[in-house]
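Please read the model below from its overall build down to its division into domains. The paragraphs after it follow that order.

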Amino acid sequence: MAKEEWSIADFEIGRFLGEGRYGRVYLAREKQSGYVVALKVIFKAKLEKYQSHAKIRREIEIQHGLNHSNVLRLYAWFHDETRVFLVLEYAARGELYELLSSLHRFSEKRAATYIASLAEALTYCHGKHVIHRDIKPENLLLDIEGRLKIADFGSAVKSISKRQTMCGTTDYLAPEVVENKEHDHAVDNWTVGILCYEFLYGIPPFSDEDEQVTFQRILNVDLKFPSKPEVSAKAKDFISKLLVKDSSKRLSIEEILTHPWIVQNADPSGKLQV
Ligand code: AMP
């Protein structure tokens, strides 16, 4: 996909894959190479409406610079009068969220494999000073081989120093973000704990209909492990060591990858059949 100037004429457009806040995503084929991609079509009018130019620019700048097997590739981008087009890696098995909804919860092997892949991706991103800040099942896609890919870098930041902007989705917010304090890459580690709980129990740990209650439960780290479904002691230990209020005391990414629950359960190939 190495070319200076792309245009919509370079692509054959295939089936509709999904709709996001700013536009639609289609399967597409680059005419010359036959390469299959996902083409995200963003309407400039929508960017205007939501005042999201900066968000999309950041998404493009950050994602374009990342190249890892667990991070969705942004190969190229271009625009015309009314639209911005993102040429993305095609994730044939779609959203992890859909899979979680249909299976209700994951086995420990499946959960640990996805968490290990996520940790690999975060090691890479954090090494490049990129904090994702909006890790949630909707932003995790699966490729044809069942490999996890982090997508949607619209909330990400590139930063060496600490940040202080509230963003992300309520259930997945870290305490320091709820409190509007300075935060760093450890917010993503907190989210790994939230996701792991959600993978194993089917719902995020601090979820409540009332957003204010969710915030309070996050701040109190009101973590409860129901007796059903049965979850191993090692998995609970893993989650408890990530959902720690003091961000400096959370498991680091390296410790995530060497925790006994991950070592025993994660499939090293990272590929899972659905
Ligand atoms: P988004 O605007 O990023 O929220 O995307 C809208 C929907 O399109 C998502 O919910 C996915 O189901 C689908 N989608 C987005 N990107 C891809 C991709 N790279 N490969 C396959 N499906 C995608």
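What follows is a short account of the fold, the surface and the domains.

This is a predicted model, in which local features need pLDDT of at least 70 and side-chain atom pairs count only at pLDDT 80 or more, while totals for chains, interfaces and linings use all residues. Residues are numbered from 1 along each chain as its sequence is written, and side-chain values use heavy atoms, with hydrogens and water left out.

The chain holds 10 helices and 10 strands; these are DSSP runs, with helices being H or I of at least four residues and strands E of at least two. Along the principal axes, its C-alpha atoms fill a box of roughly 55 × 40 × 35 Å. The radius of gyration is 19 Å, which agrees with the value near 19 Å for a compact globule of 274 residues; the rule is 2.2 Å times the number of residues to the power 0.38, taken over C-alpha atoms.

Of the 274 residues, 50% are buried, meaning under 20% relative accessible area with a 1.4 Å probe, protein chains only. The chain exposes about 13,400 Å², of which carbon and sulfur atoms supply 49%; the areas come from the Shrake-Rupley method with a 1.4 Å probe.

Among contacts (heavy atoms within 4.5 Å) between residues at least 6 apart in sequence, 62% join residues at least 24 apart.

An automatic or database domain assignment divides the chain into domain 1 (9–88) and domain 2 (94–265). Their centres, taken over C-alpha atoms, are separated by 26 Å. Domain 1 gives 13 residues to the contact and domain 2 gives 20 residues.
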